[in-house]
Amino acid sequence: MGWLVTGGAGYIGAHVVRAFQAAGIEATVLDDLSSGISSFVPDGVPVVRASLLDRAAVREALHGIDGVVHVAGFKYAGVSVQRPLHTYEQNVSAMVILLQEMLEAGVDKLVFSSSAATFGVPDVDLVTETTATRPESPYGESKLIGEWLLADVGRANGLQHTSLRYFNVVGSGTPELYDASPHNLFPLVFDALVNGRTPKIFGTDYDTPDGTCVRDYIHVSDLAEAHVAAAQRLAAGQEIEPIYNLGSGEGSSVRQIMDTIREVTGIDFEPELHPRRPGDPDRIVATGELAARDLGWQMRHTLQQMVASAWEARQKAGDSYPG
Ligand code: UFG
């Protein structure tokens, strides 16, 4: 019995697996290790090494499972513009197979990893669950389609589900787990610092107080706990919203992040200033009030703790860090 965590060998999925263990709920991992790292899965947790596109493997993995946390996916919004078919295959086709096999196996509970990318460039300072979704990348579109799929399958087949829209997930809950994304701010800055290069700021002319982009940074352990709360709510048959924004209500600019990294690491650096990266919105910050009401969602970590834990994990990774 227990829950299947797709993408459970990835940075976020592995935190989710640990949160389930801490709550006394058994977890099984399904991961193709395309970006996941097998050592991220705690000892004793069964791992099915397979793609979600492998229907037979998905069917097998669903045996005796109570519910699914669907974290696996292709998550690089920028790259998705160049690779739309890959993005749709990984995020939409794979999800259709997962849902078909869940129905077949009688598994009727699903917690889905959605994204702030469903909003695109919001025209409000603080987005809520009712803010219009206008995704600007195949990635954001594919996540929105995932949400629609769940709504439709919920209506037609009684699937119990919720979608958690992640904002900017950072930090580490344990030094063994690091974010090795080649496209996000924290790993890129750390990579530069570790390799003696200068971190870069992309764009200083945004319509924000210091000209750099403002984002809503949340700690991965807080995020992981929200998945457990959602799963427990589904398991208890309690009412649940179809969508929750996992945001903090607070924005930090890229410059503020650089200042915090300088302070926490003790490495003195002056970032290089570069032109804007295409497609970056000025600001995207969300209220997490709905999730606080239903999922016990709260910021248990400060920005300093997010940076410090992520930096510790990055340093500990040493030579095993990919790339
Ligand atoms: N940035 C830099 N320098 C870098 C890397 C990033 O200045 O070396 C800036 C970006 O331009 C952006 C900010 O740091 O302004 C944050 O960038 P990230 O790539 O870390 O995060 P994004 O906000 O672009 O993307 C995140 C998730 C995506 C998701 C998106 C939705 O990583 O998966 O939020 O808004 F699609």
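Modeller: The conversation below covers a cavity, some strands and several salt bridges.
Modeller: This is a predicted model, in which local features need pLDDT of at least 70 and side-chain atom pairs count only at pLDDT 80 or more, while totals for chains, interfaces and linings use all residues. Residues are numbered from 1 along each chain as its sequence is written, and side-chain values use heavy atoms, with hydrogens and water left out.

Colleague: How are both faces of strand β1 placed, covered or open?
Modeller: Both faces of β1 (residues 3-6) are covered. Trp3 and Val5 on one side, and Leu4 and Thr6 on the other, are all buried, where buried means under 20% relative accessible area, exposed over 50% and partly exposed in between, with a 1.4 Å probe and protein chains only. Strands (E, at least two residues) and helices (H or I, at least four) are DSSP runs numbered from the N terminus.

Colleague: Which strands pair with β1?
Modeller: β1 pairs in the parallel sense with β2 (residues 27-31) over four bridges, and with β4 (residues 67-70), also parallel, over four bridges. Two strands pair if DSSP finds at least two bridges between them. Tryptophan 3 has alanine 27 of β2 as its bridge partner, and leucine 4 has valine 68 of β4.

Colleague: And which handedness has the unit of β1, helix α1 and β2?
Modeller: β1, α1 (residues 11-22) and β2 make a right-handed β-α-β unit. Right-handed means that, with the strands pointing away from the viewer, the path from the first strand over the helix to the second runs clockwise.

Colleague: What is the order of the open sheet of three strands?
Modeller: The order is β12-β9-β14, with mixed pairing. β12 (252-253) and β14 (283-284) are the edge strands with a single partner each, so one side of each has no neighbour in the sheet. β9 (residues 214-215) runs parallel to β14 over two bridges, and arginine 215 has isoleucine 284 in β14 as its bridge partner.

Colleague: Changing topic, how many salt bridges are there?
Modeller: The structure holds 17, a salt bridge being a side-chain nitrogen of Lys or Arg within 4 Å of a carboxyl oxygen of Asp or Glu. One of them joins aspartate 125 and arginine 283 at 3.8 Å, N to O. Aspartate 125 is in the loop between β5 (109-115) and α5 (138-157), and arginine 283 is in β14, 158 residues apart.

Colleague: Finally, what is the volume of the largest cavity?
Modeller: The volume is about 90 Å³, and the count comes to one cavity of 30 Å³ or more. On a 1 Å grid over the protein atoms alone, a cavity is a set of points where a 1.4 Å probe fits but cannot get out, and lining residues have an atom within 4 Å of a point. Grid points are joined across faces, edges and corners, and a volume is the space filled by probe spheres set on the points.

Colleague: Which element gives the largest share of the lining?
Modeller: α6 gives the largest share, three residues. The lining residues include Tyr11, Asp179, Phe186 and Arg314.

Conventions:
On a 1 Å grid over the protein atoms alone, a cavity is a set of points where a 1.4 Å probe fits but cannot get out, and a pocket is an open set with protein on both sides within 12 Å along at least five of seven lines; lining residues have an atom within 4 Å of a point.
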